[in-house]
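Try each task yourself before you read its solution.

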Amino acid sequence: MATIFLYEIAGTAMLTLLGGGVVANAILGKTKGNGGGWLMINFGWGLAVFAGVYVAYKTGAHLNPAVTLGLLSSGAAEYAPGIAVTAGSTIAYLLAEMIGAFLGAIVAWLAYKTHYDQETDPGTILGTFSTGPEIRSYGWNFVTEVIATFVLVLVIIMFGSTPSGLGPLAVALLVVSIGASLGGPTGYAINPARDLGPRLAHAILPIPHKGSGDWSYSWVPIAGPIVGGVLAGLASFAF
């Protein structure tokens, strides 16, 4: 349990530090990367996953409750070599992922503290922490997150049974592809911890002009990825 907590907290924190950081760089005012655009964010998040996977290699680098629950539903005997699939290990992964995402968002805020202090648009501030839809339609936003996370988890499971030889780079490129292809409608949370942990950080941090956390939408990037991950695990039986 200690190993799960150490590595999954550290890996997920690295993920949200670098992922939240690239969004902050792209959209906050007076940054070097301001206006960098969607592809900069896609590649930044992909490389954030790349770094997080290496940090959490000893526990299989789930970094994402949808991945953990997808592996559970796939009938896997182990979450990582030497870590059996049990109720206790499942809970440990889920808690560690949430804690790590929360902590990473706080560190990203610290890195951009002076820029947050000068930002006056609440939507821009929230956008550096959590996802939101371009066209608000809860049902269709949910469907988008289910589809994108299904792709993520199914392909990750297939990576585990095929000799790609690419290691974490394969997952990083997959995340870039999902962002570029399926991220337009909702900002591709594809990870309940990645969205909820930073949204909680946004709620408690002393950020001027931050506004609300859009909690009415928050269930979508939680429920959609969970459903997509579980469906991907079940679909993996066909391969």
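**Exercise 1. Which residues lie nearest the centre of the largest pocket, and how many line it?**

Step 1. The largest pocket has 37 lining residues, and those nearest its centre are Gly60, Ala61, Val67, Ile156 and Val171. A pocket is found on a 1 Å grid over the protein atoms alone: it is an open set of points with protein on both sides within 12 Å along at least five of seven lines, and lining residues have an atom within 4 Å of a point.

Step 2. Now the ground rules. The model is predicted, so local features need pLDDT of at least 70 and side-chain atom pairs count only at pLDDT 80 or more, while totals for chains, interfaces and linings use all residues. Residues are numbered from 1 along each chain as its sequence is written, and side-chain values use heavy atoms, leaving out hydrogens and water.

Step 3. The volume of the largest pocket is about 810 Å³.

Step 4. At least two lining residues each come from helix H2 (38-55), helix H3 (65-73), strand S1 (78-80), helix H7 (138-159) and H8. Helices (at least four residues) and strands (at least two) are DSSP runs, numbered from the N terminus.

**Exercise 2. Where is Leu169 found?**

Step 1. Look in helix H8, residues 168-182, and you'll find Leu169 there.

Step 2. Leu169 has 34% relative accessibility, so it counts as partly exposed. The cut-offs are under 20% for buried and over 50% for exposed, with partly exposed in between (1.4 Å probe, protein chains only).

**Exercise 3. Is Thr128 buried or exposed?**

Step 1. Find Thr128 in the loop between H6 and H7.

Step 2. Thr128 has a relative accessible area of 4%, so it is buried.

Step 3. Skipping residues up to four places away in sequence, Thr128 touches Gly20, Val23, Ala24, Ile27, Leu28 and Tyr116. Touching here means heavy atoms within 4.5 Å.

**Exercise 4. Which residues line the largest cavity?**

Step 1. A cavity is a set of grid points where a 1.4 Å probe fits but cannot get out.

Step 2. The lining of the largest cavity consists of Thr16, Gly20, Trp45, Ala105, Ala108, Trp109, Tyr116, Thr128, Phe129, Arg194 and Pro198.

Step 3. H1, helix H4 (87-111) and helix H9 (192-204) are the elements giving two or more residues to this lining. H4 has the largest share, with three residues.

Step 4. The largest cavity has a volume of about 70 Å³.

Methods:
Grid points are joined across faces, edges and corners, and a volume is the space filled by probe spheres set on the points.
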